[in-house]
Amino acid sequence: MDAGVGVTALLVAAARAIEARRPDALARDPYAECFVRAAPVSAGWPVCPEQVPRGEADPVWGRLGRYFGLRTRVLDDALRSAARAGTRQFVLLGAGLDTRAFRLDWPSGSTVWEVDRPGVLGFKERVLAGTGAVPSCGRVPVPVDLRGDWAAALLGAGLEPGLPTAWLAEGLLLYLPADAERRLVAVIDGLSPAGSMLGYEVKLLPEADAVRNGPVYVETRERLGVDLPALFAGGPRPDSAADLAARGWRTQVGTPFDHARRYGRGPRPEPDDALAANRWVFAVKGAGGVSRW
């Protein structure tokens with residue numbers, strides 16, 4: 001696996017592995033543990049709640065881990081909603097170690113395209129092959145760097161731009177420079193007819209020093225060697241929700257805490273909170289509004 005953002009994919013996988021074994025699990029990913037154990041950098045990380053001495057009070061595997069579990073469930077439900085509305089094309093941008101093509105129940109005729117760097121997808125393919133995992137839909141890995149012409153690669157892999165598509169950019173835009181984020185939104189809009197859906201996560205930057213020196217960031221860096229703030233793209237951030245609205249999308253912006261209250265579990269606000277600047281955005285193109293996910 002690559003360093004930097006590649007290691008964050010393993011961080012999310014470990015969080016999903018722990019979440020899957022909670023009695024009140026928000027999402028269950030039976031393959032997450034396999035990824036964690038297969039990579040030398042993460043082989044010793046916890047993969048179940050019993051291996052987290054401080055439980056949900058642990059800044060990394062408790063608080064941040066529960067955040068990733070909640071995010072997984074919210075985006076799962078967004079895809080389920082799109083599928084119920086008749087969408088059969090699903091694109092995961094910056095797919096990382098996502099296993100939705102295997103663990104969700106997909107309607108007949110559904111296809112999931114997984115777009116990410118060749119190194120990440122190659123590792124993922126090797127691990128999944130070792131488990132004997134079989135996708136529950138059509139699955140098309142698209143090994144391409146999202147800083148390049150990923151749209152051409154996606155179209156070459158069979159995406160039909162005339163059909164509604166559900167797009168996810170889970171944990172991706174945090175790491176993209178502003179210009180790259182604008183281009184991504186423009187390309188998605190150009191490939192999306194009415195009825196398409198987009199779900200993504202952004203962070204309001206900059207964060208105060210007290211936040212950056214808080215336990216979530218500090219312990220993730222000291223214990224795992226992952227400096228999250230250093231990975232976040234700096235500079236003024238675009239208002240992609242407003243951009244989408246100007247392009248004819250209906251948008252809904254909320255905090256993780258909005259969804260934690262709705263599901264009855266997940267992280268709650270804390271002082272100098274590393275999660276407070278995160279926003280989850282859902283958009284549907286054309287008439288009909290945005291479902292409440």
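# Briefing: cavity, pocket, sheet and backbone

The largest cavity has a volume of about 50 Å³. A search of the whole structure finds one cavity of 30 Å³ or more. The model is predicted. An open sheet of seven strands is present, with mixed pairing. The second largest pocket has a volume of about 220 Å³. Two backbone features are also listed below: a cis peptide bond from Leu205 to Pro206, and a positive phi at Asp272.

**Cavity**

- Rolling a probe the size of a water molecule over the atoms shows where empty space is left.
- The lining of the largest cavity consists of Arg71, Val74, Leu75, Ala169, Glu170, Tyr200, Glu201, Trp280 and Phe282.
- Two or more of these lining residues come from each of α3 (59–84), β5 (197–203) and β7 (278–285).
- Helix α3 gives the largest share, three residues.
- By class, six lining residues are nonpolar, none is polar and three are charged.

**Second largest pocket**

- This pocket, with a volume of about 220 Å³, is lined by 18 residues.
- Val202, Lys203, Leu204, Arg237 and Pro238 lie nearest its centre.
- The elements giving two or more residues to the pocket lining are β5, α11 (240–246) and β7.
- Strand β5 provides the largest share of the pocket lining, with three residues.
- The pocket lining divides into 12 nonpolar residues, one polar and five charged.

**Sheet**

- The strand order is β3-β2-β1-β4-β5-β7-β6.
- Strands β3 (138–143) and β6 (249–254) stand at the edges. Each has a single partner strand, so one side of each is left without a neighbour in the sheet.
- From one strand to the next, the twist averages 15°.
- Strands β1 (residues 89–93) and β2 (residues 111–116) run parallel and are joined by five bridges.
- Gln89 has Thr111 of β2 as its bridge partner.
- Helix α5 (residues 118–131) lies across β2 and β3. The angle of α5 to β3 is about 140°.

**Packing of α3 and α12**

- Helix α3 packs with helix α12 (residues 256–263) at an angle of about 75°. The axes of the two helices are 10 Å apart.
- Angles of 65 to 115 degrees count as roughly perpendicular, and α3 and α12 are therefore roughly perpendicular to each other.
- On the α3 side, the contact is made by Arg63, Tyr67, Leu70, Arg73, Val74 and Asp77.
- On the α12 side, Pro256, Phe257, His259, Ala260 and Tyr263 take part.
- The residues of this contact divide into seven nonpolar, one polar and three charged.
- Val74 is named both in the cavity lining and in the contact with α12.

**Backbone features**

- Most residues other than glycine have a negative phi, and most peptide bonds are trans.
- The peptide bond from Leu205 to Pro206 is cis, and its omega is near 0°.
- Pro206 sits in the loop between β5 and α8 (209–212).
- Asp272 has a phi near 50°, a positive value in a residue other than glycine.
- The loop between α12 and β7 holds Asp272.

Methods
Residues are numbered from 1 along each chain as its sequence is written. This is a predicted model: local features need pLDDT of at least 70, side-chain atom pairs count only at pLDDT 80 or more; totals for chains, interfaces and linings use all residues. Side-chain values use heavy atoms; hydrogens and water are left out. Two strands pair if DSSP finds at least two bridges between them. Helices (H or I, at least four residues) and strands (E, at least two) are DSSP runs, numbered from the N terminus. Axes are lines fitted to C-alpha atoms, for helices over the stretch in contact, and angles run from 0 to 180 degrees between N-to-C directions. Contact means heavy atoms within 4.5 Å. On a 1 Å grid over the protein atoms alone, a cavity is a set of points where a 1.4 Å probe fits but cannot get out, and a pocket is an open set with protein on both sides within 12 Å along at least five of seven lines; lining residues have an atom within 4 Å of a point. Grid points are joined across faces, edges and corners, and a volume is the space filled by probe spheres set on the points. Ala, Val, Leu, Ile, Met, Phe, Trp, Tyr, Cys and Pro count as nonpolar, Asp, Glu, Lys and Arg as charged, and the others, Gly among them, as polar. Angles under 35 degrees count as roughly parallel, over 145 as roughly antiparallel, 65 to 115 as roughly perpendicular and the rest as oblique.
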